[in-house]
Amino acid sequence: MKAVFFDLDGTLLDREASIKEFSIQQYQRYYSKLSHIPQAVFTNRFKELDARGYVWKDKVYQQMEAEFTFQGIAAEDLLRDYLDHFHQSCVPFPYLTECLSALRDMQLKLGIISNGRWDFQMASIQALQIEEYFEVILISEREGISKPDPQIFHRAMDRLCVSPHESVFVGDHPVNDAEAAKSCGMEAVWKIDPHWDEPPADYKVDSLKELPLIVNRILKKNT
């Protein structure tokens, strides 16, 4: 075992907490134009329409504009604000840097494989102050392929010169992360998310604090 690869949203980045914090901050920035909407209504509807990141924000804000009748501001303005400011609201999962430091101390190579837009995802990674830990970062927009396509997993492994049986993948999505990694021959660790049905992963963790112990177990199993 030589490498550990991670998903970003829902695995390293606490996206639910980040979205909540961002929507509160956005409401406050545009309070003069949004004050006819109660803050809780604005933030809760944003979260609902966001659908855990699987609906792009142009559609989210267009729907909110139709429902709330924005005053003196357009959906496009709020979308631009999202692109410019979301990274300022990024919330890491607990023990993030401790986990990455422990894995690096085990002489393991680390990488990220994430769906999304390059500039946006990189801004989140940099806001979390974790870019230095990773030898490769693959974002679907730049790669031209997205998870669960096995090509993006194999491309990441090729860049680190590791084979699937030498690699672990950690992610929260049952299909895009756990099932896709297993289909590539990687060890799959599911970052537990009660929103999803449990996938057939090799291991599961509720906290990043547990991950170095799991990886150490895999290392011992393979020696």
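**Reading the model, element by element**

Modeller: Let us begin with a helix and its surroundings: the cover over the buried residues of helix H10 (174-183) includes helix H9 (150-160), strand E4 (167-171) and strand E5 (187-191). Please keep in mind throughout that this is a predicted model.

Biologist: Which residues of H10 are buried?

Modeller: They are Pro-174, Asn-176, Asp-177, Ala-178, Ala-180 and Ala-181. Just after H10, Gly-185 has a positive phi of about 90°.

Biologist: How should I read a sheet, and in what order do the strands of this one lie?

Modeller: Strands of a sheet pair through backbone hydrogen bonds, and this pairing is either parallel or antiparallel. In this model, six strands form an open sheet in the order E3-E2-E1-E4-E5-E6, and the pairing is parallel. Strand E3 (136-139) and strand E6 (203-205) are the edge strands, each pairing on one side only. On average, neighbouring strands of the sheet are turned by 20° against each other, direction ignored.

Biologist: How many bridges link strand E1 with strand E2?

Modeller: Strand E1 (residues 3-6) pairs in the parallel sense with strand E2 (residues 109-114) over four bridges. Ala-3 has Lys-109 of E2 as its bridge partner, and Phe-5 has Gly-111 of E2. E1 also runs parallel to E4, to which four bridges join it; here Phe-6 stands opposite Val-170 of E4.

Biologist: Where do the side chains of E1 point, and are they buried or exposed?

Modeller: Ala-3 and Phe-5 point one way from E1, while Val-4 and Phe-6 point the other way; all are buried.

Biologist: Which helix lies across E1, E4, E5 and E6?

Modeller: That is helix H11 (residues 211-221), which runs at about 160° to E6.

Biologist: Let us turn to single residues. Why is Tyr-27 called buried?

Modeller: A residue is called buried when its relative accessible area is under 20%. Tyr-27 has a relative accessible area of 5%, and therefore counts as buried. Tyr-27 is found in helix H1 (15-29). Leaving out residues up to four places away in sequence, Tyr-27 touches Leu-34, Ser-35, Ile-37, Pro-38, Gln-39 and Phe-42.

Biologist: How far apart are Tyr-27 and Tyr-95 in sequence and in space?

Modeller: The two lie 68 residues apart in sequence and 30 Å apart in space, taken from C-alpha to C-alpha.

Biologist: Finally, how much space lies in the largest pocket, and which residues are closest to its centre?

Modeller: The largest pocket holds about 920 Å³ of space. It is lined by 34 residues, of which Asp-9, Arg-15, Arg-52, Gly-53 and Tyr-54 are the closest to its centre. The elements that contribute two or more residues to this lining are H1, helix H3 (39-50), H7 and H10. H1 gives the largest share, three residues.

Biologist: What classes of residue make up the lining of the largest pocket?

Modeller: There are 16 charged, 10 nonpolar and eight polar residues in the lining of the largest pocket.

Notes
Residues are numbered from 1 along each chain as its sequence is written. This is a predicted model: local features need pLDDT of at least 70, side-chain atom pairs count only at pLDDT 80 or more; totals for chains, interfaces and linings use all residues. Side-chain values use heavy atoms; hydrogens and water are left out. On a 1 Å grid over the protein atoms alone, a cavity is a set of points where a 1.4 Å probe fits but cannot get out, and a pocket is an open set with protein on both sides within 12 Å along at least five of seven lines; lining residues have an atom within 4 Å of a point. Grid points are joined across faces, edges and corners, and a volume is the space filled by probe spheres set on the points. Ala, Val, Leu, Ile, Met, Phe, Trp, Tyr, Cys and Pro count as nonpolar, Asp, Glu, Lys and Arg as charged, and the others, Gly among them, as polar. Buried means under 20% relative accessible area, exposed over 50%, partly exposed in between (1.4 Å probe, protein chains only). Contact means heavy atoms within 4.5 Å. Two strands pair if DSSP finds at least two bridges between them. Axes are lines fitted to C-alpha atoms, for helices over the stretch in contact, and angles run from 0 to 180 degrees between N-to-C directions.
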